Amino acid sequence: MTASRTARERVRAELTKEIADIARRQLATEGAGGLSLRAIAREMGMVSSAIYRYFPSRDDLLTTLIIDGYNALGEAVEQADAACDPGDHLGRWLTVCHAVRDWALAHPHEYALLYGSPVPGYQAPMDTVEARVRDTIVFGRILTDAHAAGALSPPDVAPEPPSSLAHDAAAVRSVMPGVSDLVVFRALNAWTGLFGWVSFEVFGQFNNTLINRATAFEHTMRTSGGLMGLGSPAAEP
C-alpha cells in the first residue's frame, strides 16, 4: 500500500508540474487573463473534468504560478547575495539588482504575472506572501548588515521624512531593523525604483529611447545605493 501510494503521489506531482509548465507557456501566448484549464486539458489529452482534480479552479492554478514565480525570483536574489563578499554592502545591493533584472528579462511573462496588470477577478491569497517577500528580505538584510557594521551613511541631500510617516516607517523597518526613518524611505525609493526600471524595460517603455541599458541600469542602481548610504554614487568603475 505504501509503494502504491508513493507511485500515485509521484504521478500526481509529475502531472501537476506538467500542467503548470503548459500554463506558463499559455502566459506567453494568451496572457494571465486567457489562462484556461480546459485548453490545458486538451493539450494533455485529458478530459476537462480530470484536470480539476489537480487544480479545482483557474485561480488555484494562478496562485501556483505566482508562488512559483516569486520563489524563482527570490532564489535568484538569494543566490546572488550569497555569492558576494558580506562586507561589500554596495556590491551586494548592485548584485541583487542585477539578479532581479536578469531574471525578469529571462522570464518576461512570469514577471508580468507578478508585477504587471492585475488579473481581472483574481485576488492573491495569503499563501503567496511568504514567497513574495523572499527578495525583500535579502534587500533588508543588506541594509541591516551595513547598519550593524557602521557602514550606512546616507548623504544629506534631501529632507527627513515627516513625523506623520513614523508609523509606516516602523512597519517597513520589520525587514531592516535598526535603520532610521530616513533610510527606510530611501530604501523604499530604491526598491520601487528598481522594479519601476525593470518594468519599463520588460514592458518596452525604453524602446527607441535607451540603447545602453545595462550601463544605465548599473549607474541608476549605484546612485540609489549611494542615496541609501551604501557607498558613493560617484564611485563607478
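This is a predicted model: local features need pLDDT of at least 70, side-chain atom pairs count only at pLDDT 80 or more; totals for chains, interfaces and linings use all residues.
## Overall fold

The protein chain is helical in its secondary structure: eleven helices and zero strands. Read from the N terminus, its elements run α-α-α-α-α-α-α-α-α-α-α. Along the principal axes, the C-alpha atoms fill a box of roughly 65 × 50 × 35 Å.

Of the 237 residues in the protein chain, 38% are buried. Take the contacts between residues at least 6 apart in sequence: 69% of them join residues at least 24 apart.

## Surface and charge

The accessible surface of the protein chain is about 12500 Å². Carbon and sulfur atoms account for 55% of that surface.

The protein chain carries 20 positive and 27 negative charges.

In soluble globular proteins, nonpolar side chains tend to be buried together. Here, the largest nonpolar core holds 63 residues. Helix 10 gives the most to this core, with ten residues.

Four residues have the most contacts inside the core: L61, W93, L194 and L230. Setting aside residues up to four places away in sequence, L230 touches H89, L90, W93, I142, L143, A146, L152 and G225. W93, a partner of L230, is itself among the residues with the most contacts inside the core.

## Helix 8

Helix 8 spans residues 134-148, 15 residues in total. From its first C-alpha to its last, helix 8 reaches 21 Å, close to the 21 Å expected at 1.5 Å a residue. G150 follows helix 8, and the phi of G150 is positive, near 70°.

The buried residues of helix 8 are D135, V138, F139, G140, I142, L143, T144 and A146. Together they pack against helix 4 (58-82), helix 5 (89-106), helix 6 (108-115), helix 7 (129-132), helix 10 (181-202) and helix 11 (213-228). I142, L143 and A146, which are among these buried residues, also touch L230.

## A buried loop residue

T128 sits in the loop between helix 6 and helix 7.

Which residues does T128 contact, leaving aside neighbours within four places in sequence? The contacts of T128 are T63, I66, I67 and Y70.

Conventions:
Residues are numbered from 1 along each chain as its sequence is written. Side-chain values use heavy atoms; hydrogens and water are left out. Helices (H or I, at least four residues) and strands (E, at least two) are DSSP runs, numbered from the N terminus. The expected span of a helix is 1.5 Å times one less than its number of residues. Buried means under 20% relative accessible area, exposed over 50%, partly exposed in between (1.4 Å probe, protein chains only). Contact means heavy atoms within 4.5 Å. A nonpolar core is a set of buried Ala, Val, Leu, Ile, Met, Phe, Trp, Tyr and Cys residues joined through side-chain atoms within 4.5 Å. Accessible areas come from the Shrake-Rupley method with a 1.4 Å probe; for residues, only the protein chains shown count as cover. Lys and Arg count as positive and Asp and Glu as negative; His and the chain ends are not counted. The place of a charge is taken as NZ of Lys, CZ of Arg, CG of Asp or CD of Glu.
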